Structures are given as structure tokens and as C-alpha cells.
Amino acid sequence: QVQLVESGGGLVQAGGSLRLSCAALGSIFSINRMSWYRQAPGMQRELVASITSGGSTNYADSVKGRFTISRDNAKKTIYLQMNSLKPEDTALYYCHAFVELRRANEYSYWGQGTQVTVSS
């Protein structure tokens, strides 16, 4: 059984910063792409940022230059440093990972979500 455990959400004023963490727990052979998604009330879930096992990153246009995704492969953990936060960044943030339990046997996992609220 694999769990993705997120932490670091909270309430912050516009212009402030937060750092999210997501740790993968369980019997894992390897972890491929890991990502952060977010979903605001009444909206579809959207990709915020992703990072491969080799460190290549991808960002949504709305967060480029403000958010940074990083990864510690030894700790099976990713981070999302969020700076210059805006009220429109308010959402439930989800961690996602493609996990190999055995070589070439990949599964998709989601975390439970962590709330980020940015006040104006």
C-alpha cells in the first residue's frame, strides 16, 4: 500500500509564501513523475507543476516565476515553494505520483489534499 502524505497548507495574506511537502510512504520500487494539482470550488482540478525523477520540471503559466517544485529522491518527497501568493491561488492542493511497486509496474496515486487559502 502506498500513501502520499501532504503537509504545509494554511492561510496566508496575498504576497506571502507557503511551502507544501508531499512524502510517499510504503513499499516502493521507484517513483517516476510527481506533480502538484489544485482544485478551487466549482472548478476542475488543474496541473500546477510536475517534476520527473531526473529533475525536469513543468509549470502552469499562471504560476511560472512564483512557484518552484523540487524533489528529494532519497526521501521520496516533493516540495512546492509558493511565493507572491494571490487570492486566485486559493484551492485544495493535491499531490500525485506515478509509482512503480515493481520494475515496469506503474500505478497512479493521489494524496488527500491540503488547503491553501490566500486572503486579499
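The side chains of Arg-38 and Asp-89 form a salt bridge (3.0 Å, N to O), a term that denotes a side-chain nitrogen of Lys or Arg within 4 Å of a carboxyl oxygen of Asp or Glu. Arg-38 belongs to strand β4 (residues 30–39) and Asp-89 to the loop between β8 (77–82) and β9, so the pair ties together parts that are 51 residues apart in sequence; strands are DSSP runs (E, at least two residues), numbered from the N terminus. The model is predicted, with local features requiring pLDDT of at least 70 and side-chain atom pairs pLDDT 80 or more, while totals for chains, interfaces and linings use all residues. Residues are numbered from 1 along each chain as its sequence is written, and side-chain values use heavy atoms, without hydrogens and water.

Both Arg-38 and Asp-89 are buried (buried is under 20% relative accessible area, exposed over 50%, partly exposed in between; 1.4 Å probe, protein chains only). Arg-38 also meets Glu-46 in a salt bridge (2.7 Å, N to O), and Glu-46 is partly exposed at 34%. Salt bridges with shared partners join Arg-38, Glu-46, Arg-66 and Asp-89 into one network.

Two aromatic pairs were found in the whole structure; rings of Phe, Tyr and Trp (its six-membered ring) pair if their centres lie within 6.5 Å, and planes under 30 degrees apart are stacked, over 60 edge-to-face and the rest tilted. The rings of Tyr-94 and Trp-110 are edge-to-face, because their centres are 6.4 Å apart and their planes stand at 90 degrees. Tyr-37, Tyr-94 and Trp-110 form one aromatic cluster.

How values were computed
Helix = DSSP H or I, 4+ residues; strand = E, 2+ residues; numbered from the N terminus.
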